[in-house]
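Below is a short report on a predicted model. It covers a strand, aromatic contacts and a pocket.

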Amino acid sequence: KDFPAILRVLHAAGGKPLPITSSSSSCNLTIIAWDGVYLDARLQQTTVNMVAASRVEIEVVCGEYGIFSLESSGVILMNVLVYERSPTGAALKPAVTDAELAAIVRPWYLSDLQSSSLSIDSTYAVSINQDDKNQSECGFWIGAGSNCSAGVDSLSCPFAQFEGQRGLTVSPYSSDHKLVSFTGAINEWTLYGQGSAFHPLHVHVNHFQIQSSSGGAEDYYRPGQWRDTIPPIANELVFRFVAADFTGETILHCHFQRHEDLGMMDSYLVTDPVTYAAFNTGAPTTAPSIAPSTAPNISPTPSPTVLAASSSSSGGVDVMVLGISVGAGIVLLAVLAGGYYVYGQDGGGGGSGGEAKRKGVSPVPTHDPAAGAGAGAARGNMEMVCVGGEAGGSLDELELGAQPVGKEHKKKEHKKHKKHKRDT
């Protein structure tokens with residue numbers, strides 16, 4: 001009694017809000033942190049309104065002893081047993097004070113951004129909506145661009161279901177009118193809640209600080225709070241954040257699982273300051289690279305060994321398939337009407353078998369560590385190589401290195417293949 005218990009609550013449900021209340025008026029609920037960031041001062045609320053993926057730390061203090069409960073819309077979440085005094089006689093920690101919260105040292109990217117004299121590096125607008133007035137196939141989308149105040153699909157606020165990854169270059173974002181920012185930039189976003197229901201909007205990587213709202217949001221968020229997941233209720237909300245440390249494509253989405261699966265998602269790009277400056281001035285730029293500084297070390301690949309061969313004729317078209325062992329893997333040589341196509345691992349330098357040859361057979365590419373600077377070095381991908389003779393050439397002329405594939409050899413291999421298939 002009269003001493004706090006601190007509850008750390010994660011709302012992990014996929015599709016419903018979670019308003020938390022106490023069954024007893026003698027139990028006060030005081031929020032001391034949202035989404036992993038402590039508040040500057042205690043915030044007592046009768047109802048703690050959580051949305052999917054939000055996290056909150058609640059200090060519960062009851063002025064009477066007995067058994068009470070924390071509830072959500074009449075459903076009991078947990079029972080609370082309150083003793084009249086400490087059952088062990090141990091000293092109990094008093095409630096967290098405003099002075100303790102204000103004294104917390106925050107990292108630089110969580111410095112207060114509420115000053116009106118602050119220089120803003122980039123602005124952006126987001127409209128999150130659920131209806132079908134913009135002819136969305138499923139009725140779930142996010143609009144984002146330079147101006148979304150009208151809440152309709154437009155050039156300044158394109159509404160669309162997310163089509164997938166845009167990548168690390170600037171052009172896919174600029175062509176879609178999406179935000180391009182840079183590390184260290186102060187960003188100001190205006191968020192417009194639309195439609196008949198609010199959604200839990202989650203922005204990846206960077207927490208944002210709420211600056212203002214047009215009203216009706218006090219039960220959900222307050223100016224000065226740092227959040228990463230909020231409900232865009234039917235109003236206008238402004239928040240700011242610093243794009244700290246990490247470059248790359250960054251996601252924002254509705255955290256109702258079904259809604260995000262239906263495309264209620266978008267992305268923006270955080271790049272480095274040099275690339276951003278070049279993008280803004282039109283100067284030439286190179287896309288940020290995440291490639292390793294040195295090429296990976298690839299072990300030499302052993303020379304291929306023919307495992308089996310089979311041939312057949314259908315409609316006058318000769319077809320042969322060879323199974324070739326290359327290290328631990330198997331590749332195929334398929335021969336179609338005299339045009340031979342090798343599918344193999346190109347781990348070597350420059351692709352010695354990578355050009356079409358008329359009459360005769362090109363060797364199968366093998367790995368050459370000494371040719372590491374070649375065009376094919378360290379690629380490690382699968383490559384199609386065209387080899388073989390004239391159209392309509394005889395299959396009997398095919399050789400793989402010193403391995404003949406004549407009529408008698410084909411018969412032997414065919415018998416082996418049938419026996420192997422039967423044994424298997």
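## A covered strand

S10 and strand S11 (residues 159-160) pair in the antiparallel sense, over two bridges. Gly 143 stands opposite Phe 159 in S11.

Strand S10 spans residues 140-145, and six of its six residues are buried. Both faces are covered. Phe 140, Ile 142 and Ala 144 lie on one side. Trp 141, Gly 143 and Gly 145 lie on the other.

## Aromatic pairs

The structure holds nine aromatic pairs. One of them joins Trp 189 and Phe 239. Their ring centres are 5.5 Å apart and the planes meet at 40°, so the pair is tilted. This pair links distant parts of the chain: Trp 189 is in strand S13 (residues 186-193) and Phe 239 is in strand S18 (residues 236-242), 50 residues apart. Trp 189 is buried, at 1% relative accessible area. Phe 239 is buried too, with a relative accessibility of 1%.

Phe 239 also forms a stacked pair with Phe 208, at 4.1 Å centre to centre and 25° between the planes. Phe 208 sits in strand S15 (residues 208-213), 31 residues from Phe 239. Both Phe 208 and Phe 239 are buried. Ring pairs link Tyr 124, Trp 189, Phe 208, Phe 239, Phe 241 and Tyr 268 into a cluster.

## A charge over a ring

The charged end of Arg 227 sits over the ring of Trp 34, 3.9 Å from the ring centre.

## The largest pocket

The largest pocket has a volume of about 320 Å³. It is lined by 18 residues, and the closest to its centre are Lys 1, Phe 3, Val 82, Tyr 83 and Leu 92. Strands S6 (55-62) and S8 (75-82) each supply at least two lining residues. The lining divides into twelve nonpolar, one polar and five charged residues.

How values were computed. Residues numbered from 1 in each chain as written. Predicted model: local features only at pLDDT ≥ 70, side-chain atom pairs only at ≥ 80, totals over all residues. Heavy atoms only, no water. 1 Å grid on protein atoms, 1.4 Å probe; cavity = no way out; pocket = protein on both sides within 12 Å on 5 of 7 lines; lining within 4 Å. Points joined across faces, edges and corners; volume = space filled by probe spheres on them. Helix = DSSP H or I, 4+ residues; strand = E, 2+ residues; numbered from the N terminus. Nonpolar A, V, L, I, M, F, W, Y, C, P; charged D, E, K, R; others polar. Buried < 20%, exposed > 50% of the residue type's maximum accessible area, 1.4 Å probe, protein only. Pairing = 2+ DSSP bridges. Phe/Tyr/Trp six-rings, centres within 6.5 Å; stacked < 30°, edge-to-face > 60°. Lys NZ or Arg CZ within 6 Å of the ring centre and 35° of its normal.
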